[in-house]
Amino acid sequence: MNHDSAPSETSTSSAPGATDSATSLRSSTLTNHVGRLPTHDRESESVGKAKRVRSEISHPVVSSFRQRFPHGVNWYNVGWMVLMNVGAVAAFWHLSWVGLAILVVMHFVTACLGVTLGYHRLLTHGSMIVPTPLKYFFSLCGMIAAEGSPLYWVATHRKHHVLSDLEGDPHSPNDGFWWSHMLWFKPKEGPGELEALLKRWAPDMYKDPVQRFFHNFFPVFPILFGAALYFGGEYFFGLGWSCLLMGLCLRMVLGYHSTWFVNSATHIWGYRNYETTDRSRNLWWVALISYGEGWHNNHHAHQRLARHGHKPWEIDITYMVIRLLKTLGLAKQVQDCLPQAEKAA
Ligand SMILES: [Zn+2]
Ligand SMILES: [Zn+2]
């Protein structure tokens, strides 16, 4: 699990002239993420500042193992990933229709409702407002995807937006494809690093005792869900192993890669609708497997927007769900208007 894998906070500002500029950029962009419905003008202002900052900082080169893992390897994360991958392979010896149905439904519930809608568009970017119980329900769905607690995921992702493809970006392909895809959360953090990451990048969520509770007990949720799958599957269908291996391990591995490809592939391949100051791209096949998150260049250009697909053919399933919530009166103040002057070219 990604729970304890914050990259080093102390390694983010060694480039000459980076600290002051990055700090002012960080504070304005962070306000943009968590403030009350910022306007697109403020968004543009942040992009403008990013251009100035980026002109002062050269891209980092790939670091050595010692630089990337200054405190060693996070064996909890590595162990969890090995376990899930072994389980995913074993699932092919326990295939069943019941297991497949659970896999498909729970993939949507955890990866779409939990991660892309809940963690990303709602909690990280405030693209809409939903009733508090629904916010916590989406947080719970996200935790069963086991990509870290909501607090950790949001802090890491906000940091990615502010420092995209610069030194300090938690997962830029500038540091190599595999680093950006699945190695970036493997280093063990130093003392106090995780706490510093959360307080610095997600102070709004850190104040919420429920989110802190979720963070502190995060690993319990996917484990309990796995136990429920096994015992429920055994009791109702006599298919405990199939439900566990397909509904937890295989589903989770598929979900991991769909998220990870957003970090890696959509900063390398694809087309750009907007001239952003990072390497973000729109990549159709990532959008397809990640419920619309693959329209990543659109998202980097307009981070607060609930809709990531800006062209008619850019299908965005998460936004369809948000529109449904809006129709049902469950999502309000949905940020879904493209600025006229900046429509995708
Ligand atoms: Zn990105
Ligand atoms: Zn984002």
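In this predicted model, the axes of helix α12 (residues 220-237) and helix α13 (residues 240-263) come within 7 Å and cross at roughly 145°. Axes here are lines fitted to C-alpha atoms, for helices over the stretch in contact, and angles run from 0 to 180 degrees between N-to-C directions. The crossing of α12 and α13 is right-handed; a crossing is left-handed if the near helix is turned anticlockwise from the far one by less than a right angle, and right-handed if clockwise. On the α12 side, F225, G226, L229, Y230, F231, G232, G233 and E234 meet G240, S242, C243, L244, G247 and L248 of α13. The residues of this contact divide into seven nonpolar, six polar and one charged. Ala, Val, Leu, Ile, Met, Phe, Trp, Tyr, Cys and Pro count as nonpolar, Asp, Glu, Lys and Arg as charged, and the others, Gly among them, as polar. Two residues are in contact if their C-beta atoms, placed from the backbone, lie within 7 Å.

A228 also lies in helix α12. The C-alpha atoms of A228 and L244, 16 residues apart along the chain, are separated by 8.5 Å. A228 is partly exposed, with 14 other C-beta atoms within 10 Å. A residue is buried if 20 or more other C-beta atoms lie within 10 Å of its own, exposed if 12 or fewer, and partly exposed in between, with C-beta atoms placed from the backbone.

Residues of α5 including L100, L103, H107 and V115 take part in the contact, and α13 contributes, among others, M246, R251, L254 and T259. By class, the contact has eleven nonpolar, eight polar and one charged residues.

The largest nonpolar core holds 59 residues, of which L151, V154 and A155 touch the most other members. Such a core is a set of buried Ala, Val, Leu, Ile, Met, Phe, Trp, Tyr and Cys residues joined through C-beta atoms within 7 Å. Of the contributors, α13 gives the most, with twelve residues. Leaving out residues up to four places away in sequence, A155 touches L197, L198, W201 and A202.

Two loop residues have a positive phi without being glycine. A146, in the loop between α6 and α7, has phi near 55°. Y291, in the loop between α14 and α15 (296-301), has phi near 60°. A146 is buried, with 25 other C-beta atoms within 10 Å, and Y291 is buried with 25 as well.

Over the protein chain there are 16 helices and zero strands. Helices (H or I, at least four residues) and strands (E, at least two) are DSSP runs, numbered from the N terminus. Of the 345 residues, 48% count as buried. Among contacts between residues at least 6 apart in sequence, 72% join residues at least 24 apart.

Residues are numbered from 1 along each chain as its sequence is written, and chains are lettered from A and ligands numbered from 1 in the order in which they are written. In this predicted model, local features need pLDDT of at least 70, side-chain atom pairs count only at pLDDT 80 or more, and totals for chains, interfaces and linings use all residues.
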